[in-house]
Amino acid sequence: MADSSIPMDTPTAAEVASIASPINLILLALLIVLAYMRLRPTSPVTLPKGPPPTVFRTFTPPELKPFNGENSMPVYLAVRGRVFDVTPGRNFYGPGGPYENFAGRDATRGLASGSFDEDMLTKNLEGPLDTLEGLGPEEMDALRGWEERFSEKYLVVGNLVAVGSEGTG
């Protein structure tokens, strides 16, 4: 009589679908892959290297001359005795740029007079620095504007002194 209490249409345990059916195995594998992708260790974030540190130094005109952007050199120019690193503006001040004459040179007189000609540059690099004699008030105002613009935009990397006065100052 105990056997007659189980209905005939109820499946037995062997007939019930196994947990190891193909669809369940695929879903389990997918779950494991997704969990791995979410929890796997990531490579550490590396920041790009910054530019090398720039040491503030004293330049003479011949020492400044190589800093004209050629041969992978930075682009420096001087305004009223202060040397600016204008390398971020290489397309203007470097080779082929509209102000390339000023690269590696004292650009003070040229900027003050608004002339970008080679004539505005000191010819004798071994001689004294330009005293700006002959510049009028308007040119001096223009020069102050340029100097302010350079100070806001570019890093000062040194001072420009005449040859022979490197040790004094």
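Biologist: Is Tyr 154 buried or exposed?
Modeller: Tyr 154 is buried, with a relative accessible area of 8%. Buried means under 20% relative accessible area, exposed over 50%, and partly exposed in between, with a 1.4 Å probe and protein chains only. This is a predicted model in which local features need pLDDT of at least 70 and side-chain atom pairs count only at pLDDT 80 or more, while totals for chains, interfaces and linings use all residues. Residues are numbered from 1 along each chain as its sequence is written, and side-chain values use heavy atoms, with hydrogens and water left out.

Biologist: How many aromatic pairs are there?
Modeller: The count comes to 11 aromatic pairs. Rings of Phe, Tyr and Trp (its six-membered ring) pair if their centres lie within 6.5 Å; planes under 30 degrees apart count as stacked, over 60 as edge-to-face and the rest as tilted. The centres of the Phe 59 and Phe 67 rings are 5.6 Å apart and the planes stand at 85 degrees, so this pair is edge-to-face. Both Phe 59 and Phe 67 are buried.

Biologist: Which kind of aromatic pair do Tyr 93 and Tyr 154 form?
Modeller: Tyr 93 and Tyr 154 form an edge-to-face pair, 6.1 Å centre to centre with 90 degrees between the planes. Tyr 93 lies in helix H3 (residues 90-93) and Tyr 154 in the loop between helix H5 (137-153) and strand E4 (155-160), so the pair ties together parts that are 61 residues apart in sequence. Helices (H or I, at least four residues) and strands (E, at least two) are DSSP runs, numbered from the N terminus.

Biologist: And which residues does the ring cluster link?
Modeller: Ring pairs join Phe 84, Phe 92, Tyr 93, Tyr 99, Trp 146, Phe 150 and Tyr 154 into a cluster.

Biologist: Changing topic, which residues touch the most other members of the largest nonpolar core?
Modeller: Of its 19 residues, these are Leu 77, Val 79, Val 86, Tyr 93, Phe 102, Leu 111 and Phe 150. A nonpolar core is a set of buried Ala, Val, Leu, Ile, Met, Phe, Trp, Tyr and Cys residues joined through side-chain atoms within 4.5 Å. The largest share of this core, 3 residues, comes from H5.

Biologist: What is the strand order in the open sheet?
Modeller: The open sheet of 4 strands has the order E1-E4-E3-E2, with mixed pairing; two strands pair if DSSP finds at least two bridges between them. Strand E1 (57-59) and E2 are the edge strands, each pairing on one side only.

Biologist: In what sense do E3 and E4 pair?
Modeller: Strand E3 (residues 82-85) and E4 pair in the antiparallel sense over 4 bridges. Val 83 stands opposite Gly 158 in E4.
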